[in-house]
Amino acid sequence: MTEQTLTTRSPLRRIYDWCVETAGKRYAVWVMGGISFAESSFFPVPPDVMLIPMSLARPDRAYFYAMLCTLTSVAGGIVGYAIGAVLYDSLGLWLIQLYGYGDKVESFRQ
């Protein structure tokens, strides 16, 4: 890839490409678990971008990878729920504003 291509790609595309590249690394299981955890509460890239290539490369470990994604996703969902239930006025509002949904949330509340 040229340097110009790297600078013109969107931040989300760069994260996606990094995830796909990381799927072949030794530490990919840890990264996939972290992404699965984060995606269920705030991260925009799903763990599937790592789960699929890792499962295709190692079919004997596909169920392990799926179980890891499931467990870390549930744990991340619990954290996401806590952000909404306990920390809504501070961290929750900040995340809603970060993603640009402030107006939609307010119209829904009314």
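Before you start: residues are numbered from 1 along each chain as its sequence is written. In this predicted model, local features need pLDDT of at least 70, side-chain atom pairs count only at pLDDT 80 or more, totals for chains, interfaces and linings use all residues, and side-chain values use heavy atoms, with hydrogens and water left out.

**Exercise 1. Work out which elements build the protein and how spread out it is.**

Step 1: Count the elements. You get 7 helices and 0 strands, where helices (H or I, at least four residues) and strands (E, at least two) are DSSP runs numbered from the N terminus.

Step 2: Check the spread. The radius of gyration, taken over C-alpha atoms, is 17 Å, well over the 13 Å that the globule rule gives for 110 residues, so the protein is more spread out than a compact globule. That rule is 2.2 Å times the number of residues to the power 0.38.

Step 3: Look at the box. Along the principal axes, the C-alpha atoms fill roughly 50 × 40 × 20 Å.

**Exercise 2. Check the span of helix H3 (residues 28-39).**

Step 1: Take the expected span, which is 1.5 Å times one less than the number of residues.

Step 2: Compare. The 12 residues of H3 should span 16 Å, and the end C-alpha atoms are 16 Å apart, so the two agree.

**Exercise 3. Describe the lining of the largest pocket.**

Step 1: Name some lining residues. Among them are Ser 41, Phe 42, Tyr 88 and Tyr 101 (a pocket is an open set of points on a 1 Å grid over the protein atoms alone where a 1.4 Å probe fits, with protein on both sides within 12 Å along at least five of seven lines; lining residues have an atom within 4 Å of a point).

Step 2: Trace the sources. The largest share, 4 residues, comes from H6.

Step 3: Sort by type. The lining has 7 nonpolar, 4 polar and no charged residues (Ala, Val, Leu, Ile, Met, Phe, Trp, Tyr, Cys and Pro count as nonpolar, Asp, Glu, Lys and Arg as charged, the others as polar).
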